[in-house]
Amino acid sequence: MKLIGYFRSSAAYRVRIALNLKGISVEHASRHLRKGEQKAPDYAAINPQKLVPALVLDSGEVLTQSLAILEYLEETHPQPPMLPRDPVGRARVRALALIPTADIHPIQNLRVMGYLREKFGQTEESAFAWSRHWIETGFDAYEASIANDPRTGNFSHGDQPTMADLCLVPQVFNAARFKVDMKKYPTIQRIYDTCMKQPAFDAAQPARQSDAEA
């Protein structure tokens, strides 16, 4: 399999963690988002959204959208599990995962920031303020959802990493770029620190990727 991503992409970061957790070796390829390489015709032909990541299977079929890829990996490589066994627990993990992936990331990613600047004349500072607002709004909800819930353990749900943690960690990394005050989110910060001690998470971080830039 081949994973087409970008070192700083939160969505690609999630998938890298999952691949590492499950011990799946893949070829890595990069599309530089800031240079617009994801818009090239050859890539648009396999991913019409012109986004990363894309997972090219051995069969040649292409999977897109990070959450769909995570679900595919869970179904085809069930160990170690990224979802709990009980239906309510699985729903909780998926709901937590959707806070960073559906409520935060889509409205503060690279193309949205670019649109704010180009079409609405926003400065870099005001565009950053926009992103920081939506990250904090999402983190407020995530922190409230896990801080006093007995199902929260060393990780967002229990004592093993789940899909929720795979989605949370890249967003915490991203939050640092926008100067979010993480002291307001002690449970999120604790879980992030715990995750980053795990080899699968550490190896997936942007700075460790072959296309990483300063």
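R92, D149 and R151 are linked in a network of salt bridges, a salt bridge being a side-chain nitrogen of Lys or Arg within 4 Å of a carboxyl oxygen of Asp or Glu. By this rule the count comes to 8. This is a predicted model, where local features need pLDDT of at least 70, side-chain atom pairs count only at pLDDT 80 or more, and totals for chains, interfaces and linings use all residues. Residues are numbered from 1 along each chain as its sequence is written, and side-chain values use heavy atoms, leaving out hydrogens and water.

**Salt bridges**
- D149 and R92 have their closest N and O atoms 3.6 Å apart.
- D149 lies in the loop between α6 (124-146) and α7 and R92 in helix α4 (residues 87-104), so this pair ties together parts 57 residues apart in sequence; helices (H or I, at least four residues) are DSSP runs, numbered from the N terminus.
- Both D149 and R92 are buried, where buried means under 20% relative accessible area, exposed over 50% and partly exposed in between (1.4 Å probe, protein chains only).
- E136 and K184 also form a salt bridge, at 3.4 Å from N to O.
- K184 is partly exposed, at 43% relative accessibility.

- D165 sits in helix α7 (residues 163-177).
- D165 is buried yet has no salt bridge, and the nearest side chain of opposite charge, R92, is 8.6 Å away; Lys and Arg count as positive and Asp and Glu as negative, while His and the chain ends are not counted.
- Leaving aside neighbours within four places in sequence, D165 has contacts (heavy atoms within 4.5 Å) that include F155, I191 and F201.

Notes:
Helix = DSSP H or I, 4+ residues; strand = E, 2+ residues; numbered from the N terminus.
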